[in-house]
Structure formats: structure tokens, C-alpha cells
Amino acid sequence: MFLKRRDFLAFLGATAGAATLTVWKKSDLMQPSPLATLGLGLDAGKAEAAIAHTVPFQPVQGTLPIPTDGIGQAATTAYRTFQVQDDVVLPPGFTYDVVATWGDRLGDSRVGYNNDFLALLETGPNQGLLTVNFEYVSPDVWMETYGAVIGESLPVAELKAALAVAGDRGINAFALSENDRTKSVVRAVCEAAMTDVGIGVMALERTPEGRWLRKPGSVDRRVTGLSGLTDGRYLKATGPAVAVFMKASKQGYDDRLGARIIGTCNNCAGGTTPWGTTFSAEENFQNFVPEAVHADGSAFDPSAAPFKIDTEDMLGLGNVFGLAGNKYGWMVEIDPTNPNDYGTKHTWLGRFRHEAIAVRAEAGKPLACYSGCDRRGGHLYKFVSTETVRNPQDKGNSRLFSQGMLYAAKFNPDGTGRWIALKPDTLVNPDLPSVHAGGMIPLPKRPDGGFFRATKDEEAIAFRQQFRTLGDLYTGSAIEQQGAILIDAHFAANAAGATCTARPEDADLRPDGTLFIAFTSGSPSSSDGSPDLRIFRGPDGKAYEHGWLMKLMEDGKDPAAMTFRWAMLAMGGEPAEGGAGFSNPDNLLFDAKGNLWMVTDMSSDKHNRAVPAGRLDKEGKPLSQSNLRGLFGNNSVWMIPTQGPQAGNAYLFGYGPMECEICGPWLSRDQKTLFLAVQHPGELNGTRRDMAQEIRFFALRTLSGEEFLQSRQVPIGSNWPGRAPNDPPKPAVIAVRRVDGGAIV
């Protein structure tokens with residue numbers, strides 16, 4: 001069942017014994033594959049020696065057998081029992097330093113919650129500015145630990161009582177009078193939560209011992225979810241959507257702020273530019289404000305997104321503040337070196353659930369930027385500037401985002417594809433619901449605004465017959481119509497026939513212009529959508545949960561090309577089924593030697609979820625791929641060499657604390673420090689009380705597919721990063737280094 005190493009290397013355009021290989025930029029992303037059988041038939045000592053000879057670290061042993069663990073045929077003994085650690089587990093000879101944790105002072109505010117994307121702009125020897133995204137708050141553990149960490153109390157009991165009365169409809173605090181007690185309670189909690197999302201910039205300095213420490217200075221600052229509400233630090237915007245923001249008469253809600261924008265939220269992944277700025281991606285904005293818009297691009301009333309709390313999110317945080325939903329879901333550019341820069345939202349890049357960005361800036365050519373929409377059924381997008389790049393390092397290049405065109409990708413099953421312009425004269429031609437894994441595609445709803453879910457092919461055909469072009473779906477002057485299309489980019493792209501994909505969570509470029517995209521999960525959603533099964537399917541031709549890597553090559557290597565070629569490799573999953581031993585690959589980077597680094601993004605509720613013998617549920621049916629993810633333990637960090645004798649093999653570098661996601665991998669220029677963001681430890685079970693743990697059982701499989709039962713000790717909740725009994729769990733940024741001070745690779 002194993003994928004062949006040669007297949008993976010051919011996919012990369014590399015060879016196993018190559019002495020040289022194109023060096024990849026930091027921002028490249030990919031997913032691993034099980035690819036080789038190092039260790040099979042060898043005793044553990046010989047296998048470990050072979051690994052140590054060719055890989056720059058001794059791989060960590062994870063929860064299940066993989067081809068590169070150095071254990072081989074002894075797996076059934078070595079994996080019979082397993083103790084999960086509530087810590088960042090690294091190879092021997094490595095350690096980590098905590099750089100910043102939630103609640104630490106930062107500028108005139110604090111370090112936010114759920115740190116995600118990281119980017120270090122090195123400003124001198126052993127000095128740099130670290131930009132950090134803060135995505136969202138995990139409600140239960142955030143409310144539980146807020147008082148202990150922040151030193152302030154929140155009216156949590158009152159809030160829960162009010163939510164219990166409101167029930168499923170939630171609390172429409174926006175409609176309540178200013179002197180209403182419930183509104184005051186909701187506002188107090190939402191202000192605290194919105195302070196904990198957004199962007200942070202912090203100055204760092206490295207000690208002679210190799211530790212990166214905070215060195216607070218004038219550039220340190222926070223951009224929160226409410227920047228501008230009371231402090232005048234509004235965010236700016238460029239591009240056609242500004243015309244919609246500025247309209248005097250709107251079909252829907254008007255926040256009366258014109259082009260000024262209050263804050264940024266759901267800041268997930270991101271990217272950097274050659275001229276030293278950083279991009280922050282507003283991802284799941286639909287949890288904070290209404291996603292749906294009217295035909296003129298104006299927002300639905302804030303009442304459409306009332307305040308609620310579920311197991312993973314606080315929903316409707318923008319409701320009580322009257323935030324306009326059409327101002328969120330953008331890419332935000334910020335200059336870390338400018339203390340007065342609080343961010344610019346470039347609307348030509350489109351409004352959707354952004355995850356990461358790859359910037360291609362070549363002298364004499366248009367600027368091209370790629371970004372994915374991290375939703376089930378989201379699209380891959382490309383922006384191409386009208387003007388050309390003169391000097392890729394010139395900060396003036398930011399002006400190029402003000403004029404251009406946004407395109408969405410159409411993938412053909414034969415490995416070709418084209419870019420569809422999202423503009424008024426583009427023809428309406430949606431794909432049929434029947435080609436999607438979930439049998440549904442959301443399309444713009446007219447005249448009401450918003451969208452409807454087409455579940456029958458006849459509905460999509462009738463839609464195409466009713467509306468000839470995108471201009472028939474959106475209203476206003478020419479620039480306002482273009483702005484409305486960009487504001488409604490996902491649904492406009494659906495209408496235009498762009499391919500629905502499998503949650504593209506990263507998009508990065510090789511120096512030769514080849515784009516790599518990590519697709520995290522191919523499972524369908526009854527509410528959001530699902531991928532096109534002609535492109536995104538598992539080995540059995542059905543929906544596939546565990547993830548892919550795609551490479552995309554523009555025809556003629558031209559950033560402005562309108563056609564491309566693509567290739568796909570499925571790499572997530574169990575080794576016995578052809579996977580590398582992980583699930584849901586997320587952000588990736590390539591180090592200076594061409595090795596691929598990858599982190600995973602499994603949902604917290606799947607971590608270490610028991611898998612009974614026979615792998616059957618209570619009704620005797622086979623467990624779904626999603627519910628088998630408990631086999632993979634905690635979210636983890638991997639490395640795959642792309643040259644030398646072990647090229648194509650996936651090695652486990654480490655895993656994170658309980659119920660966390662590890663995000664934002666970034667290597668220092670000298671390759672001596674790997675920065676990681678550890679997000680939401682203890683997300684579901686909160687603080688680990690008195691070192692609580694329980695034993696769970698897992699039906700594992702050897703590399704050749706024989707089933708055996710593992711007894712696994714699983715901590716309940718987390719005490720990381722303090723690690724003392726009953727310490728509150730806190731998201732934190734860490735810096736990984738070798739104890740001896742050497743390069744990581």
C-alpha cells in the first residue's frame with residue numbers, strides 16, 4: 001500500500017541521490033507521505049543508526065507505527081502501550097524556550113489568544129521583529145482561566161444565565177438598549193475576547209546562549225478586533241470594495257464609518273513579501289459577523305449573527321459593537337517596522353476565509369498573489385496586478401495591490417486548469433451539485449441577498465439560465481459592482497464555475513514559480529460545501545479526510561498566465577493504507593537545505609479518541625475516517641528530506657501538548673531556531689486537575705496491516721506551558737533550538 005519514494009520525488013521534481021536541489025523559500029508548504037520502509041526487517045538499533053546517519057535528529061516515537069520510526073518488525077511490542085505527554089515533545093538534544101504567552105504585556109495591550117502564523121523579520125545580528133496572529137478564543141478554557149491569567153474577572157455566570165434563557169437563538173445584543181444589563185454583560189465579555197484576537201508585533205533579541213527573548217520597544221504593538229473603536233486606530237482599505245463601503249445609500253447595513261474599519265479578527269495563517277511586510281489572513285470571520293451580503297455588497301444587519309457560545313467558538317462577537325460584516329474576511333498587510341501601521345485590507349485580494357498567501361514578485365512582471373479559502377468547498381485564488389514589479393525589495397510595491405484582477409482556479413480532471421476572472425462580464429456557469437462530495441453547492445440568492453444551497457442539478461441549471469453573467473448578480477456602478485463581487489468572492493466564484501476544493505490551508509512558491517498547496521481535508525459539509533470528487537478523491541474514489549499536496553505550474557512560468565498544469569499526491573493517513581502516519585496536514589515550510597517541515601491540524605475533539613478493536617462503532621458499522629483520527633494522537637511536527645538517501649521519507653520531529661494545534665512554523669535565517677505557535681492547549685477539557693489521566697484503547701495496524709490493541713495513557717486537560725500541577729493552560733510562542741547551539745538541519 002505504501003506510496004513509492006520515486007513517486008513523491010517525481011512529484012517534487014527531485015531525485016533521491018541528488019547532490020543539489022533547488023532551495024525552497026520559507027513559505028513553501030506540503031504534506032508528507034509514508035513513502036519508504038526504512039526499518040522493516042532491521043533490528044531497532046541498526047535502524048536508529050541508519051536514521052541518525054542521514055537525518056539531523058533522532059525521530060520522536062509517536063502513537064502508531066510508521067515506516068521511519070526505526071522500530072520495524074518490533075512495532076507490535078514497542079507500541080503495545082503508549083504514554084501521551086502534555087508537553088512539546090522533541091528529539092533528544094533539542095529544547096524550547098517560551099517567547100511569549102497569552103496575557104503577557106505587548107505594547108499598550110497584551111499578547112492575544114490562540115497564536116497562529118509567525119514571521120520573524122530579522123533587523124540585525126541576533127535581532128528581529130516577530131509578527132504574530134491571534135485567531136480566536138476557545139470559549140470554555142478561555143473563560144475558565146481568564147481571571148487567573150489576566151487578573152480581572154468577567155461576568156461569566158451572568159452571561160451563561162442569559163444564554164440559557166435565550167436558547168438556540170442566541171442574544172441579539174445589538175438590538176438591546178444601552179442601559180440593558182444583558183447588553184452590558186455581553187459587551188464586557190466580547191471586549192475581552194476581541195482584545196485577544198488580531199495581530200501583534202514584538203521585538204526580540206537573541207542571547208549568546210541562543211535564546212530568543214522579548215526586548216520591548218517602540219515598534220511593539222497590538223492590532224485587536226476593536227482597534228479604532230475608541231482609540232482612532234482604524235484599519236485602512238484599498239481596491240473596489242472601498243466604493244461599496246463609501247456608498248451613501250446601501251441596500252443593507254451601514255456602519256457609518258465609510259472606508260474606516262474597526263479591527264481585524266480570526267487572524268489565522270499569513271505570509272510575507274520580499275519588501276518586508278507581513279500579511280495576516282482573516283479566516284473564519286463568519287463566526288464573528290454575518291458572512292452573507294446583499295447584491296450591492298453591503299452587509300446584512302448585525303442581528304443576523306447574534307451572540308452565542310458553542311464548544312469551539314464564541315459566535316457573534318461583532319454583534320454588540322454593530323460591526324459591518326463586509327469589512328471582514330480580507331488579507332491585512334502590515335509593516336512590522338512602522339509603529340504607526342495598524343494594517344491595510346487590500347480588497348482586490350477578495351473576501352473569503354483566507355488561509356495564508358504566497359507572493360510572487362519578479363522584476364519586470366506583474367505581481368501575483370495566491371491564497372486559499374479554508375472552508376469545505378473553498379477555492380484557490382490568484383490576484384494579478386495591473387502594473388509590473390520594478391524592484392521586488394521596494395516597499396512601494398504595496399501600491400500594486402490597488403489595481404488588478406482576482407481570479408479563481410478551475411481544475412480539469414486531465415491535469416490542466418485555467419483562471420476565471422471574477423468580474424462583471426464573466427459568464428455564470430456553476431458546477432453541478434452532483435459532482436461534489438456532499439451533493440451541494442451554495443450560490444448567490446437573488447433578490448434577497450445571501451445565498452441558497454443548491455442540492456439538485458436542476459437548481460444549478462436553472463440558476464445558469466436565469467443569470468447570464470456575474471454582473472446580473474451584483475448591482476451598482478461599474479466600480480461598485482466589481483467591489484460587490486470581491487466582497488462576495490466565494491459565492492461569485494461558485495457561480496462562475498470555479499472548482500470547489502478540499503480546504504486549502506497553505507499556498508507557497510518555489511523559486512522557479514511552482515506553487516504548492518496543502519489541502520487539509522476532503523470531507524463534505526452540509527452547510528459550507530464540499531470538494532469536487534473529480535479532483536479531490538481518495539484511493540477508493542470517495543471523499544478523503546486525511547489530506548493532499550498539490551503542485552501547480554503556470555503555463556510558460558508566467559505569473560500572469562491564464563492556464564496552468566497541476567498534479568496531486570495524497571499523503572495523509574495510516575501507513576497500512578498508503579499514508580505517512582499523520583492526518584490533516586496544514587502549514588509547511590522548506591528549510592535552507594530543501595527539507596520540508598509540516599504541522600498538522602486535527603480537530604481537538606478527535607485527539608486520542610479511542611478506536612475499539614475491529615474499528616466498529618456501537619452499531620457495528622466501520623468507523624469513519626474522521627473518527628479514526630484518534631489513532632494519530634496529538635497534533636504534530638514532521639520533516640521530509642527532499643534530497644539524499646532518505647529523500648521522500650517522513651520523520652516525526654515532535655508533537656504538542658494536549659488538545660492543541662501547532663501553527664506558524666518559521667526558521668531563523670541561520671537555521672538555528674524553529675519558531676512555533678502552540679494554540680489552545682486544553683481546548684476541550686481545560687486545566688488538567690491533579691495530573692488527571694485515563695487509559696484508552698486503540699486498534700492499531702502494523703505497516704503490513706495486521707491489527708493489534710494499544711493501551712494509551714491520555715492526560716485529561718493541560719497544564720502547559722507552566723507544566724506544574726493545576727497550572728492554567730495558555731497559548732504560547734516557542735523557539736526550538738539545539739542544546740549544543742548548532743543548526744537544526
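Predicted model: local features only at pLDDT ≥ 70, side-chain atom pairs only at ≥ 80, totals over all residues.
Strand β1 and strand β35 (residues 707–715) run parallel and are joined by three bridges.

Strands of a sheet pair through backbone hydrogen bonds, and the pairing can be parallel or antiparallel.

The chain as a whole comes next. It has ten helices and 36 strands. Its C-alpha atoms fill a box of roughly 75 × 60 × 60 Å along the principal axes. The radius of gyration is 25 Å, which agrees with the value near 27 Å that a compact globule of 745 residues would have. Of those 745 residues, 64% count as buried. Among contacts with a separation of 6 or more, 70% are between residues 24 or more positions apart. The accessible surface comes to about 25,000 Å², and carbon and sulfur atoms account for 50% of that surface.

A second open sheet has four strands in the order β28-β29-β30-β31, with antiparallel pairing. The edge positions are taken by β28 (585–590) and β31 (651–655); each has a single partner strand, so one side of each lacks a neighbour in the sheet. Here the twist averages 25° from one strand to the next. Inside the sheet, β29 and β30 run antiparallel and are joined by four bridges.

The loop between β29 (596–600) and β30 (636–640) holds R615. Is R615 buried or exposed? Its relative accessibility is 5%, so R615 counts as buried, the cut-off being under 20%. The side chain of R615 reaches the backbone oxygen of A699 at a distance of 2.8 Å. Apart from neighbours within four places in sequence, the contacts of R615 include E574, K621, P622, L700, R701 and E707.

The buried residues are E480, Q481, Q482, G483, A484, I485, L486 and I487. Against what do the buried residues of α9 pack? They pack against α7 (241–246), β20 (404–411) and α10 (489–496).

Strand β20 contains G404. With a relative accessibility of 13%, G404 counts as buried. Leaving aside neighbours within four places in sequence, G404 is in contact with W348, F383, V384, S385 and T386. G404 and L367 are 37 residues apart in sequence, and their C-alpha atoms are 9.1 Å apart in space.

Notes. Residues numbered from 1 in each chain as written. Heavy atoms only, no water. Helix = DSSP H or I, 4+ residues; strand = E, 2+ residues; numbered from the N terminus. Buried < 20%, exposed > 50% of the residue type's maximum accessible area, 1.4 Å probe, protein only. Polar contact = N/O pair within 3.5 Å; in protein donor to acceptor, adjacent residues only side chain to side chain. Contact = heavy atoms within 4.5 Å. Pairing = 2+ DSSP bridges. Rg over C-alpha atoms; globule rule 2.2 N^0.38 Å. Areas by Shrake-Rupley, 256 points an atom, 1.4 Å probe, with all protein chains shown as cover. Axes fitted to C-alpha atoms, helices over the stretch in contact; angles between N-to-C directions.
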